[in-house]
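Subject: Structure handover

Hello,

Here is the structure for you to look over. My notes follow below it.

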Amino acid sequence: MNVVHSKNAARREARQTTEHKSRATARRRRTLAAIVSAVIGLSCATAVSARSTAVAQGLAYDAQTQEPVPIPPSEQALQTARAESWFKVSDQGLILEGAIFDGNGNLLFCDVSGRRVLRLTPDKQLSTVVTLDGLSPGGLALRQDGRLFIAALNSAYDGGAVLAVNPDGTHLQTIIPPTAGYMPNDLVFDAKGGFYFTDFKGTATEPKGGVYYAAPDFSAITPVLPGLAMANGVALSPDGKVLWATEFGRNLLHRVQLADATTIAPIGSAIAYQFVGPAPDSMRADADGNIYVALYGQGRVLAFNRNGIPIGQVLLPGREYGHHLASTSLAIRPGAHNLYVVANDGANGEGATVFHSTAFGKGLQPTLLP
């Protein structure tokens with residue numbers, strides 16, 4: 001009888017122990033749930049409070065967003081150089097374009113407003129090479145025979161021509177006449193003496209322009225990259241195998257691998273970059289194959305490596321206050337790292353200026369025809 005009683009007592013004690021543990025476990029769970037609930041509630045309250053504060057405060061300008069053309073976030077970390085004023089062309093806001101160097105170290109560029117091609121010597125003496133009749137020059141390129149070629153538009157911006165002139169401004173001749181139906185904006189020569197030129201026709205929604213190639217004897221013009229919206233800048237890699245073009249109307253940078261002068265290599269055409277804000281203008285290549293694009297309306301130049309990846313930028317002084325934003329073109333001195341940007345200040349009072357900075361690579365040396 002005592003044995004049975006002992007077993008029953010043991011069972012009751014075991015049940016009591018189990019029930020005690022279960023109650024303790026339940027209490028711990030309730031406590032943990034209460035803690036988690038409190039934390040979540042506090043987090044939600046904090047988030048709601050933050051959102052309420054943000055809504056109450058609203059958006060606010062900072063140093064970047066107050067600028068007329070703030071640097072896009074994706075480009076703010078790029079290596080950045082700040083250009084300096086190098087030569088004041090005019091106190092008036094003349095539209096400058098088409099900067100290149102000739103074989104004597106002179107900087108040549110266009111006064112679009114005055115229909116002139118200007119020459120600036122290394123000791124900063126400014127003179128006029130040629131004045132055009134009825135056409136405004138915008139793009140310049142030196143052929144290997146020494147002649148200066150000029151891409152020019154008419155005043156209505158619905159036509160234009162390509163002209164050639166001797167370095168002293170004599171023997172002006174028409175290479176591509178207005179009757180051909182193009183709006184030539186810029187041009188660059190290949191090693192054989194033919195040239196690529198951009199046709200500035202079209203709009204963002206009606207791309208009617210493109211890049212064309214004029215044969216070395218100028219007997220034929222062949223489309224290379226048609227269907228562009230206001231094709232603007234054009235450049236060649238140092239080996240002549242990669243053609244670059246900017247599309248002003250759609251903010252695009254095109255990179256084209258060439259099989260020959262007029263044929264795109266298989267899988268050779270790509271849009272390398274989409275610009276933000278206004279708007280890619282003229283471009284130049286350096287001896288390392290880098291490409292520099294002047295951004296019209298932003299007062300800066302954006303630099304890309306040979307694959308179209310952005311690697312740096314040059315900012316013009318005063319751009320943060322809305323000055324010198326009409327940066328249209330640039331030139332890199334042959335054999336040197338010196339980069340020159342032409343820009344105007346419109347009606348803002350600081351005229352037309354050539355700015356100086358440095359480039360990653362040296363300027364391309366002029367070549368002679370074979």
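Start at D199. D199 touches Y182, M183, K208, G209, G210, Y212, M230 and A231, leaving aside residues up to four places away in sequence. Contact here means heavy atoms within 4.5 Å.

Before going on, the ground rules. This is a predicted model, in which local features need pLDDT of at least 70 and side-chain atom pairs count only at pLDDT 80 or more, while totals for chains, interfaces and linings use all residues. Residues are numbered from 1 along each chain as its sequence is written, and side-chain values use heavy atoms, with hydrogens and water left out.

**D199 and its strand**

D199 sits in strand β12, residues 195-199. Strands (E, at least two residues) and helices (H or I, at least four) are DSSP runs, numbered from the N terminus. Is D199 buried or exposed? D199 counts as buried, because its relative accessibility is 0%. Buried means under 20% relative accessible area, exposed over 50%, and partly exposed in between, with a 1.4 Å probe and protein chains only.

The side chain of D199 has polar partners. One of its polar atoms lies 2.8 Å from the backbone nitrogen of M183. A polar contact of 2.4 Å also joins the side chains of D199 and K201. A polar contact is a pair of N or O atoms within 3.5 Å; within protein, one must be able to donate a hydrogen and the other to accept it, and residues adjacent in sequence count only if both atoms are side-chain atoms.

Five of its five residues are buried, so β12 is largely enclosed by the rest of the structure. Both faces are covered: F195, F197 and D199 are buried on one side, Y196 and T198 on the other.

β12 has paired strands too. Two strands pair if DSSP finds at least two bridges between them. Strand β11 (residues 184-189) pairs with β12 in the antiparallel sense over four bridges. There, P184 stands opposite D199. The hairpin of β11 and β12 has five residues between the strands, and G193 in it takes a positive phi near 95°. Strand β13 (residues 209-214) also pairs with β12 in the antiparallel sense, over five bridges. In β13, G210 stands opposite D199.

**Two backbone angles to check**

Most residues other than glycine have a negative phi. I267 has a positive one, near 55°. I267 is found in strand β18, residues 263-274, and is exposed, with a relative accessible area of 89%. H324 also has a positive phi, of about 55°, although it is not a glycine. H324 lies in the loop between β22 (310-315) and β23 (326-332). H324 is buried, at a relative accessible area of 4%.

**Nonpolar cores**

A nonpolar core is a set of buried Ala, Val, Leu, Ile, Met, Phe, Trp, Tyr and Cys residues joined through side-chain atoms within 4.5 Å. The largest has 16 residues, and V89, L96, L107, F109 and V354 touch the most other members. Two or more residues come from each of β2 (84-90), β3 (96-101), β4 (107-111), β5 (116-120), β24 (338-344) and β25 (352-358). A second, separate core has 15 residues, including I100, V117, L135 and L140.

**Sheets**

Four strands form an open sheet in the order β3-β4-β5-β6, with antiparallel pairing. β3 and β6 (126-131) stand at the edges with a single partner strand each, so one side of each is left without a neighbour in the sheet. Within this sheet, β4 and β5 pair over five bridges. L108 has R119 in β5 as its bridge partner.

Another open sheet has five strands in the order β1-β22-β21-β20-β19, with mixed pairing. Its edges are β1 (79-82) and β19 (280-285), each with a single partner strand, so one side of each lacks a neighbour in the sheet. Strand β21 (residues 300-304) and β22 pair in the antiparallel sense over five bridges. F304 stands opposite P310 in β22.

**Whole chain**

The chain comes to one helix and 25 strands. Buried residues make up 47% of its 370 residues. Among contacts between residues at least 6 apart in sequence, 48% join residues at least 24 apart.

Best wishes
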